[in-house]
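The structure is shown first.

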Amino acid sequence: YETIDALDAKGKRVLLRADLNVPVRDGRITDRTRIERLCPTIAELSNAGARVIVCSHFDRPKGKRVPEMSLKPLAEALSEALKRPVAFADDCIGPEAEAAVAKLADGDILLLENTRFHAGEEKNDPAMAAGLAKLADAYVNDAFSAAHRAHASTEGVAKLLPAYAGRLMEAELTALDAALGSPARPVVAIVGGAKVSTKLDLLGNLSKKVDVLVIGGAMANTFLAAQGFNVGKSLQEAEMHDTARAILAEAKSGGCEILLPVDLVVAEQFAANAPTRIVPADAVPEGWMALDLGPKSEEAIEQRLRGASTLVWNGPLGAFETPPFDTATVAVAQIVAAMTQSGALKSIGGGGDTVAALRHADVADRMTYVSTAGGAFLEWLEGKTLPGVAALSKA
Ligand code: 3PG
């Protein structure tokens, strides 16, 4: 793919695919990371004299105009972050969008209404892609976090215009390549979260590519139970035991060490500040459940990290939203941050819950790279081709 280094932007109408699908609660933006990370690309294009036309999806309106899912409030948020005016057009294709684009002068910035208000977006309808392409002379994709969707604004339009990766897209792809493409070895991966079943492809792909695969969170219970350990009333997936054993066997034959918990923090109830005990991983008492990793497990992870050059992290180690079950996640995150800051470790984290967990541990800005992507980060780690990225490479 080409980056915007290859784009002579002066006087050009540039369609910039952003991901402004930010979390909103009670009409307020609760996390501005995606907005902030997008600003450098917009500012660079605008400074270079481009007429910047930003488009994005927001939420899942399913092809209908849902007023609560308008991107209009995002024009103001974007303007605040950029400290420049941002105009807004009530539609992303058709006469209204075209008229708003026609009014732009060099350096101006326009935000278009939610692409998913048109059914053609998710269907990757060629007419929708053509409607978007008509607005611009060049296309820049800065929405890595939406690149796992083959939609008109992420995939279709890339084939109709000269297409480039924006700075955020470039940063995401560079970080992922450093994690799994051509990483400094040894590579440790930490995978946590609730279920084995939703992370099968992830575990399969990582066990082929990394040197040590640390498994934490409730999914570790499934692996422990599959080995015949009593996990009490811990969350686990009994129907995944065969699969878990197959993953362990395959990793072993491929030379990947899978590190499972050696001790666990257990409680009788899943509640904040519930009384806890620390028990060996094969001895969860009847009626108790594992909610976090114990100190010996933490130590074992630390020891693997001390010998590593690269870490890729997806998924919390325990039920981190409910203290004290955030202990292992926070402790390991602190070690990762310190090793990263000292230059010993390249650390890359991403995917839904992970970013929240790293924030909770207050290390998000001390990692080498934290992705803005949820599903796209996961699919990339699973070894899947992301249509939005592939379209840039072909363009
Ligand atoms: C995300 O938030 O992960 C992206 O914006 C993609 O959103 P989607 O899952 O609704 O396609």
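The model is predicted. The domain assignment divides the protein into domain 1, residues 4-170, and domain 2, residues 183-381. Taken over C-alpha atoms, the centres of domain 1 and domain 2 are 36 Å apart. Eight residues of domain 1 and six residues of domain 2 make up the contact. On the side of domain 1 that touches domain 2, three residues are nonpolar, three are polar and two are charged.

Which residues surround the ligand? The shell consists of D19, N21, R60, S145, A146, R149, G374 and G375. By class, this shell holds one nonpolar, four polar and three charged residues.

UniProt, in an unreviewed entry, carries "binding site" annotations. Another annotation with the name "binding site" covers K199, E321, G351, G352, D353 and T354.

| Residue | Location | Other C-beta atoms within 10 Å |
|---|---|---|
| D59 | loop between β4 (51-55) and α2 (72-82) | 15 |
| R60 | loop between β4 and α2 | 11 |
| E321 | loop between β15 (310-314) and α12 (327-341) | 13 |
| G351 | loop between β16 (346-349) and α13 (352-360) | 23 |

Is G351 buried or exposed? G351 counts as buried because it has 23 C-beta neighbours inside 10 Å, and the cut-off for burial is 20 or more. Leaving aside neighbours within four places in sequence, G351 is in contact with N314, G315, G374, F377 and L378.

R60, by contrast, is exposed, because 11 other C-beta atoms lie within 10 Å and the limit for an exposed residue is 12 or fewer.

D59 and E321 fall in between. D59 has 15 other C-beta atoms within 10 Å and is therefore partly exposed; E321, with 13, is partly exposed as well. Apart from neighbours within four places in sequence, D59 is in contact with N21 and M69.

Key:
Residues are numbered from 1 along each chain as its sequence is written. This is a predicted model: local features need pLDDT of at least 70, side-chain atom pairs count only at pLDDT 80 or more; totals for chains, interfaces and linings use all residues. Domain bounds come from an automatic or database domain assignment. Two residues are in contact if their C-beta atoms, placed from the backbone, lie within 7 Å. Ala, Val, Leu, Ile, Met, Phe, Trp, Tyr, Cys and Pro count as nonpolar, Asp, Glu, Lys and Arg as charged, and the others, Gly among them, as polar. A residue is near a molecule or strand if its C-beta atom, placed from the backbone, lies within 6 Å of it. UniProt positions are given in the numbering used here, feature names are shortened, and annotations may be inferred rather than shown by experiment. Helices (H or I, at least four residues) and strands (E, at least two) are DSSP runs, numbered from the N terminus.
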